Amino acid sequence: MTHQHQVPGEASGPGAVAVGSNHGIISTGDAATIDNRTLHLPAEAVRAPAEVPAPPGLNNLPAPRSAVFVGRDEDLARLGAAMDGGGAPTVVHGLGGMGKSTLALHYAHRHLGRCNPVWWVPAETPDGITLGLADLAAHLDPYANLTATTSAEAAAWATRWLQSHEGWLLVLDNAEAPDDVAPVIGPLTTGQHLITSRRATGWHHLAQPLALRTLDPDASADLLMRIIGEPGEPDDGSDDGSDDAPALAELAAELGHLPLALTQAAAYIQHTAITPASYLARLRRYPARMFAASATDNHERTIARVWQLTLQAIAARDPLAVDILRTFAWLGPDDVPRDLAEALHDDPIAIDEALALLHAYSMITLTPRTFTVHRLVQAVARTPDPADPHRAEQTIGTARRRAVSLLVAALPGDPLFNVAGWPRWRELLPHIEALATRVAPEQDDEHTDAIWRQTSAFLQSEVRLDRAVALAERSVAACERLRGPDDPFTLASRSILGSAYRSAGDVVKAVPLLIRNRDDCERVFGAAHEETLVARGNLAYLYGVTGNLDLATELHSRNLVDCERLLGPDDPHTLSSRSNLASAYREAGDLGRAVPLHEQSAAGYERVFGPDHPETLTARSNLAFAYQLAGDLGRAIPLYEHVLTTRERVLGPAHPHTDLARELLTNARADTPR
């Protein structure tokens, strides 16, 4: 590298030289050849690095970009403990935008009085590291700049200086790979080394890792408020701006508590004088534009640009990794089952390597069974941007359809009766819910319809009725648009929606829908079809709930006869018909018929599904209630106790069905004569 070094004045004294504005320096010990002329340098120019003291207070630290630094006291303490431990160098790693450099910069500023020099080296590339060390050499000894042939020689001089002195702090910021910094810090056993990197893995032989996480919710809101300053004018025209706090909390959550995103959002809010609620609305409606617009000066990097560079590096090594990131941008951010990703490729090792690469670049957090993607990474990955080759609209659409296919294939069958599949349903449910919010209804197809329909049935068993209704309504709308009003899937979706309305207590919507569904099923399938029996049973149950017991009993009786004849005595629909008829008799006060039918129902469910199945427990609970109404508390209370104990074990102590069992037992005990 060519250097230009100007020294004013004339040469004087032995060995002195006036170099004017010479350049092209070749070191030759105590003399240098400059433009083919041999120049003699003073004796101090050839001192060994060990003999050169550091000027007092030497540092090149940039000023912190913002005076606002919140929520990182614990991280600074962790970093201080790691750095003071006297062990290996420390590498602070995390997602781009997490605030790694900011943390390192604040740590370094706090150590200006303890360490000398404190030197900041941009470490994105090996050349950047070399130039940073060469600059350190020039500041430690100006003559080192004269006697070095290249920047590499100057960097080697700085390395020798660091090897022979103590008490310094070297920060290698944003290192791309461990191998880039290993030649620098490997030989150094004195002083302190601090590295920041997006890379989470590969440091075990070189540095101790320190993962940096997102801010906690309170710190996120505090950061937003401190940058924004005075609250903005409220959107309703009133002069009270104190309602910003909930909007700030919601905005912080939407941004995933990522410091860079929070800082950019706050700066935009301050710059444009809008409210946090207005910014949040714009972000949700125009994500691509807001990601681009949130940089308020030429030096600020937007989130999308930060990650685009990372994605380019990942794509160059493994395109499958980028496909995984785009695909799982459509699901929930936390606890994504690894087996969903494994279904993307026939080669499990290829998936392992792709996930490991994403983890290495901090784009995901990987565990043996699951992985987590930051919600803002997801938002960027599923937002089209013509300027970003990784986010073309067609590519993102393909990723969305791939995510839907993965979920459809992963759904356990028979959400109402397949209890063994319920843990899997609970594992997938957050991802189904996320997909429902990220796929617009007009984008629904046969695959999303299947997800909404089956999930609604499962949610009804979980007594999560608001979401069950919403997904069933969406399924019906998709089915009618895609398949027509008389398609079997449309009729099945209407049946599930009617049940959801009924369970939620919305009889006004449930009655006409279930009557229509019963009539349509009889017209399309005939009176003796399984779907017709289900539709008739749902309507009969609703009549019982609304107090029309005569009609309920009539339909249930007809249904039970038809189910036993067409499906057999142990078919789930037959069991349900028998249980519903028993309940209708019980509600009508006909305990002479109700009790024997409840006993048959409980025995049938236990025989078909086993003693711990939720449907078996419901049948036993109904039988206990019938015993209680008949005044037989000696049989009712032990049965209630058994149901409660089993539900606590099977469903958990806080499940709504467990709470109901607890209430029924309490009431029965209160009826016991004293």
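Predicted model: local features only at pLDDT ≥ 70, side-chain atom pairs only at ≥ 80, totals over all residues.
**The chain as a whole**

The protein chain has 674 residues, of which 51% count as buried, and its secondary structure comes to 29 helices and eleven strands. When contacts with a separation of 6 or more are considered, 65% of them are made by residues 24 or more positions apart.

In soluble globular proteins, nonpolar side chains tend to be buried together. In this model the largest nonpolar core has 116 residues, and those with the most contacts inside it are Leu169, Leu194, Tyr279, Trp307, Phe328, Met363 and Leu435. Apart from it lies another core, which has 30 residues and includes Ala137, Ala158, Leu162 and Leu170. Once neighbours within four places in sequence are left aside, Leu435 is in contact with Trp330, Leu331, Val404, Leu407, Ile451 and Trp452.

**The second largest cavity**

The count of cavities of 30 Å³ or more comes to three, and the second largest cavity has a volume of about 50 Å³. Its lining is formed by Leu311, Val322, Leu325, Arg326, Val380, Ala381, His390 and Arg391. Sorted by class, this lining has five nonpolar residues, one polar residue and two charged residues. Which helices each supply at least two residues of this lining? They are helix H13, covering 319-327, and helix H16, covering 375-381, and the largest share, three residues, comes from H13.

Glu433 lies in helix H18, which covers residues 422-438. Because its relative accessibility is 15%, and buried means under 20%, Glu433 counts as buried. Not counting residues up to four places away in sequence, Glu433 touches Leu459, Arg464 and Arg467, and its side chain makes a polar contact with the side chain of Arg467. The C-alpha atoms of Glu433 and Leu331 are separated by 8.1 Å, although the two residues are 102 residues apart along the chain.

Asp444 is found in the loop between H18 and helix H19, the latter covering 446-461. Is Asp444 buried or exposed? Asp444 counts as buried, because its relative accessibility is 4%. Its side chain is joined by polar contacts to the side chain of Trp452 and to that of Arg474. With residues up to four places away in sequence not counted, Asp444 touches Val439, Trp452, Arg474, Ala478, Arg481 and Leu482. Trp452 is also among the residues in contact with Leu435.

Thr90 has its place in strand S4, which covers residues 90-93, and it is buried because its relative accessible area is 1%. Among the residues that Thr90 touches, not counting those up to four places away in sequence, are Leu79, Ala82, Met83, His193, Leu194 and Gln208. A polar contact joins the side chain of Thr90 to the side chain of Gln208. The C-alpha atoms of Thr90 and Thr196 are separated by 8.4 Å, while the two residues are 106 residues apart along the chain.

Ser583 is found in helix H25, covering residues 572-587, and it counts as buried because its relative accessibility is 13%. Leaving out residues up to four places away in sequence, Ser583 touches His598 and Asn622.

**Backbone geometry**

Most residues other than glycine have a negative phi, and most peptide bonds are trans. Against this background, a cis peptide bond joins Asn116 and Pro117, with omega about -5°. Pro117 lies in the loop between helix H2, covering 100-110, and strand S5, covering 118-122.

Asn174 is not a glycine, yet it has a positive phi of about 60°. Asn174 lies in strand S6, which covers residues 169-175, and it counts as buried because its relative accessibility is 16%. Ala273, likewise a residue other than glycine, has a positive phi near 60°. Ala273 is found in the loop between helix H9, covering 259-272, and helix H10, covering 276-285. Because its relative accessible area is 64%, Ala273 is exposed, whereas Asn174 counts as buried.

Technical notes. Residues numbered from 1 in each chain as written. Heavy atoms only, no water. Helix = DSSP H or I, 4+ residues; strand = E, 2+ residues; numbered from the N terminus. Buried < 20%, exposed > 50% of the residue type's maximum accessible area, 1.4 Å probe, protein only. Contact = heavy atoms within 4.5 Å. Polar contact = N/O pair within 3.5 Å; in protein donor to acceptor, adjacent residues only side chain to side chain. 1 Å grid on protein atoms, 1.4 Å probe; cavity = no way out; pocket = protein on both sides within 12 Å on 5 of 7 lines; lining within 4 Å. Points joined across faces, edges and corners; volume = space filled by probe spheres on them. Nonpolar A, V, L, I, M, F, W, Y, C, P; charged D, E, K, R; others polar. Core = buried A, V, L, I, M, F, W, Y, C linked by side-chain atoms within 4.5 Å.
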